[in-house]
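Okay, thanks for having me. Let me put the model up on the screen, and then I'll talk you through it.

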Amino acid sequence: MSVTTLPPLALARRQPSLLVRLFDTKPFLIVMCLAPAIGLLAVFLTYPLGLGIWLAFTDTTIGRRGVFVGFENFQYLLTDPLWWNAVFYSVIYTAIATFGKFALGFWLALLLNNHFPFKSLLRAIILLPWIVPTVLSALAFWWIYDPQFSIISYLLVDVLHWRSSNVDFLGSPWPARFSLIAANIWRGIPFVAISLLAGLQTISPSLYEAAMLDGASAWQRFRYITFPMMMPILAIVMTFSIIFTFTDFQLVYAITRGGPVNSTHLLATLAFQRGIAGGELGEGAAIAVSMIPFLVFATLFSYFGLARRKWQQGESND
Amino acid sequence: MTDTVAQPSVADAKAAPDTMAWDSGLRRLMMIYLPLGCFVLILLFPFYWMAITSFKPNAELLNYKEHNPFWITSPTLAHIKHLLFDTAYPRWLWTTMLVAIGSTTLSLIASTLAAYAIERLRFRGSPYVGLGIYLAYLVPPSILFIPLATVVVQFGLFDSPMALILVYPTFLVPFCTWLLIGYFKSIPYELEECALVDGATRLQILRRITLPLAVPGLISAGIFSFTLSWNEFIYALAFIQSGANKTVPVAILTELVTGDVYQWGALMAGSLLGSLPVAVFYSLFVDYYVSSLTGAVKE
C-alpha cells in the first residue's frame with residue numbers, strides 16, 4: 001500500500017481496513033454468508049417441524065397449552081373412520097393423479113420434442129396452468145363443475161345429446177373424487193411436460209441413429225433408448241410430484257372443502273379442519289405428522305434415482 | 001426424423017409399405033398436430049372460461065338456452081367494477097404485491113449469500129450444508145402450517161403480512177439457493193482467482209465479478225420466487241384473519257364466496273385479475289421460467 005504517494009486516499013482506505021479484513025477472513029465470511037439462510041430455515045422450518053412432532057404428542061388446543069399425552073392422538077386417529085378415509089383418498093388421489101400427469105405429460109413432452117413452427121410460443125402457453133395461482137384456476141374448475149351451469153354438462157346434454165341430465169360432478173363422493181383428480185392432472189401436466197422435455201433434449205441423436213441403423217422400430221427406440229435415458233430425471237420429477245400431490249391442499253380446499261360428506265378430504269385438508277378451523281392443534285399436528293412416513297419413502301426414491309444417474313453418466317460422487 | 005431415412009432392414013421391411021401408404025403430411029397431422037391441439041385446447045379452456053365469464057352479464061351467465069355459453073353478446077364491465085369499487089380487492093392486490101416483493105427480496109439476499117458460501121468459499125462440510133438446504137425444499141407446507149401458526153402467534157405476528165414475508169422464504173430459499181449454486185458453478189473460477197491475485201477482497205469479488213455474471217440466474221430466482229409467493233395459499237389462509245390483510249387467493253375464496261348463490265361473474269373476474277400480474281410477469285420472462293424450472297430439476 002502506497003502511503004507516501006496518496007496520503008488522503010490511503011487514510012480513507014485504512015479506516016475500515018479492520019472491518020474489511022474481518023470480512024475477508026474465510027471462516028467469518030462463511031458464517032456471515034450462511035447466517036441469513038440457515039437462520040430463516042432454522043426458525044421457520046426446522047423448529048416448527050420439531051414443534052409439530054411435539055404437538056402431535058400433546059393435547060394442545062388454541063389458547064391452551066397442552067400436556068404430553070403419549071400416543072393418544074395417534075391411537076384416536078387409528079379408530080377414526082374420517083382419518084382412514086383421508087388416507088385412502090390421499091393414496092388414490094396421489095396414485096391416479098401422478099399416473100395421469102406422467103402419462104399425459106410424457107406424451108406432451110414427446111410431441112413438443114418435434115420440430116414445428118411457433119414451438120417456443122407453444123411451450124410458453126403450455127406452462128400457463130402451472131404459473132397461475134392454483135386457487136384461482138381451482139375456482140374456474142369449480143365453476144366448470146357447477147351442478148346447474150356446468151359447461152361440460154351443456155356440451156354433453158345440449159350439444160352432443162349424449163346424456164339426458166346434467167352431470168353431478170361434486171354432489172356425490174366418487175364423481176367428486178375423480179373431478180378433483182382431473183383438476184390436479186390438468187394443473188400438473190405442464191410441469192411434468194416441460195421438465196421431461198428438458199431431459200429429452202439432452203439425449204444424443206446419435207443413439208437414435210445407431211438404433212435405426214440396427215433396424216429398431218419406433219416403439220423399440222422409445223423402450224430401449226428414450227425410457228432408460230429418461231429414468232433419472234423421471235425419478236426426480238416424480239418424487240417432487242408425489243410429495244406435493246400427496247400433501248396437496250389448495251385444490252380440495254377451494255373446490256369441495258372435503259365434502260360431500262367428508263369423502264374428498266386429503267390428510268392436509270383434514271389436518272387444517274381439525275387443527276386450525278376446529279382449534280384442536282394437537283390432533284391436527286398428529287394428522288400432519290402421519291404424512292411423514294410417505295414423504296420419507298418418496299425422498300428415498302429420489303436419492304436412489306440420483307445415485308443411478310451419476311453411475312450412468314460415469315460421474316464421480318461429488 | 002422420418003423412418004424412411006433408416007436402412008430398410010428386416011424390421012423395417014414390414015413397416016415400409018405402411019409408411020408409403022400414409023401420406024407423410026397427413027401422418028404428421030394425426031400424430032403430432034392433432035394431439036397437440038387437444039392438449040392446448042384443454043390446458044387453456046379454463047382460462048378462456050374464466051375470462052369470458054368475467055365479462056358476461058348475469059342474464060347471459062345463467063341462461064344457456066337463449067345464449068350460446070361460449071360467446072358473449074353484450075359484454076359488461078359490471079363484475080370488474082363491482083370488484084374494484086365495492087370490495088377491498090385493490091387492498092388485497094396491494095397486500096399480495098407487498099408480501100411477494102418482500103419475501104422475494106429477503107430470499108434472494110439470503111440464498112445468494114448461502115449459494116456463494118457453499119459453492120465458492122468451499123469449506124469442510126459445504127456439500128452437507130447444500131444437501132441440508134435441498135432437503136428443506138422437500139418439506140411441504142402442509143405438515144408445517146399448524147406448528148408454524150403457533151410460532152407466528154408466539155412472535156406476535158399473527159394476522160400481519162410480516163408473518164408471510166418471514167415464512168415464505170422457508171420454501172423460497174432452498175429453491176433459490178440450489179438454482180444459484182448451479183449458476184455459480186457455470187462461472188469460471190479463474191475470474192475470481194485473477195481478482196484475488198490482484199488483491200480484491202472476497203466481498204469485492206462477490207459484488208464486482210460473481211454477481212454481475214450471475215444476473216440471469218438472479219432474475220430466474222427472483223421471478224420464480226415472486227410467482228411462488230404470489231400463488232401461496234395455505235400459510236396465508238392459516239395466519240391471516242382480518243379481511244383487509246388477506247392475499248388475493250385467500251380473499252377471493254373466503255370473502256367473495258358468500259351465501260348459497262355464488263357470484264360467478266365476480267368470482268371469475270377476481271380470479272382473472274389475480275392471475276394477470278403473474279401472467280404478465282411470465283410473458284415478459286418466459287425463457288427465465290423455463291430455464292429455472294428445468295435447471296432446478298436437473299441440479
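Predicted model: local features only at pLDDT ≥ 70, side-chain atom pairs only at ≥ 80, totals over all residues.

Residues are numbered from 1 along each chain as its sequence is written, and chains are lettered from A and ligands numbered from 1 in the order in which they are written.

So, chain A: 16 helices and 0 strands, with helices (H or I, at least four residues) and strands (E, at least two) being DSSP runs numbered from the N terminus. Chain B also has 16 helices and 0 strands. Of chain A's 318 residues, 39% are buried, and for chain B that's 42% of 299. Buried here is 20 or more other C-beta atoms within 10 Å of the residue's own, exposed is 12 or fewer, and partly exposed is in between, with C-beta atoms placed from the backbone.

How do the chains meet? In chain A, 78 residues are in contact with 81 residues of chain B, contact being C-beta atoms, placed from the backbone, within 7 Å. Helix α3 (residues 26-56) of chain A gives the largest share of chain A's side, 17 residues. That side has 62 nonpolar, 12 polar and 4 charged residues. For the classes, Ala, Val, Leu, Ile, Met, Phe, Trp, Tyr, Cys and Pro are nonpolar, Asp, Glu, Lys and Arg are charged, and the others, Gly among them, are polar.

Now the helix pair, in chain B. Helix α5 (residues 89-119) and helix α12 (residues 215-231) of chain B pack at about 140°, axes 8 Å apart; axes are lines fitted to C-alpha atoms, for helices over the stretch in contact, and angles run from 0 to 180 degrees between N-to-C directions. That makes α5(B) oblique to α12(B), since under 35 degrees is roughly parallel, over 145 roughly antiparallel, 65 to 115 roughly perpendicular and the rest oblique. The residues that meet include B:Ser103 and B:Ser107 in α5(B), and B:Gly222 and B:Ser225 in α12(B). By class, this contact has 7 nonpolar, 8 polar and no charged residues.

Last, two loop residues. A:Asn262, between α13 (250-255) and α14 (267-277) of chain A, has a positive phi, near 60°. B:Asp159, between α7 (145-154) and α8 (161-167) of chain B, has a positive phi of about 70° without being a glycine.

Terms used:
Contact = placed C-beta atoms within 7 Å.
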